[in-house]
Amino acid sequence: MQKVIFIELSVDRKDQFITDITESLHQTGKKIHIYASSQSALKKIDQLLWVRKPDSFLPHIIMSKIDSDSTKPIEPILLIDQPVDVVGDVLILNDPMELSQ
């Protein structure tokens, strides 16, 4: 059974919360997709995941649609700006995601 949890956050704490929850989920072995609507937002999250704690590393990659068509990443944390065909356990939305039908 799939579980959906909605948490509305104030803008000033959202990035910190995303990195905190990502770390917690990664420690449980989950594959995580983090969606943001722009490359600049993805790069900001990417930077926060690198500098989050000096003694920890969260293996992640910024993945584009072109990347997802050719290879399946080995990193358990994918930063995406559109839906990809790679299966993850958790989807974290930094921004609302529009799905085409």
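This is a predicted model: local features need pLDDT of at least 70, side-chain atom pairs count only at pLDDT 80 or more; totals for chains, interfaces and linings use all residues.
In which sense do strands S1 and S4 pair, and over how many bridges?

View 1. Residues are numbered from 1 along each chain as its sequence is written, and side-chain values use heavy atoms, with hydrogens and water left out. S1 and S4 pair in the parallel sense over 4 bridges, where pairing requires at least two DSSP bridges between two strands. Ile34 stands opposite Ile92 in S4. S1 is also joined by 4 bridges to the parallel strand S3 (residues 77–80), in which Leu78 is the bridge partner of His33. Strands (E, at least two residues) and helices (H or I, at least four) are DSSP runs numbered from the N terminus.

**View 2. Side chains of strand S1 (residues 32–35).** Ile32 and Ile34 point one way, His33 and Tyr35 the other way, and all are buried, that is, under 20% relative accessible area (1.4 Å probe, protein chains only). In a regular strand, side chains alternate between the two faces of the sheet.

**View 3. The largest pocket, with a volume of about 1,200 Å³.** A pocket is an open set of points on a 1 Å grid where a 1.4 Å probe fits, with protein on both sides within 12 Å along at least five of seven lines; lining residues have an atom within 4 Å of a point. Of the 31 lining residues, Ile5, Val90, Leu91, Ile92 and Leu93 are the closest to the pocket centre. Helix H1 (11–27) and strand S4 (90–93) each give two or more residues to the lining, and H1 gives the most, with 5.

Conventions:
Grid points are joined across faces, edges and corners, and a volume is the space filled by probe spheres set on the points. Buried means under 20% relative accessible area, exposed over 50%, partly exposed in between (1.4 Å probe, protein chains only).
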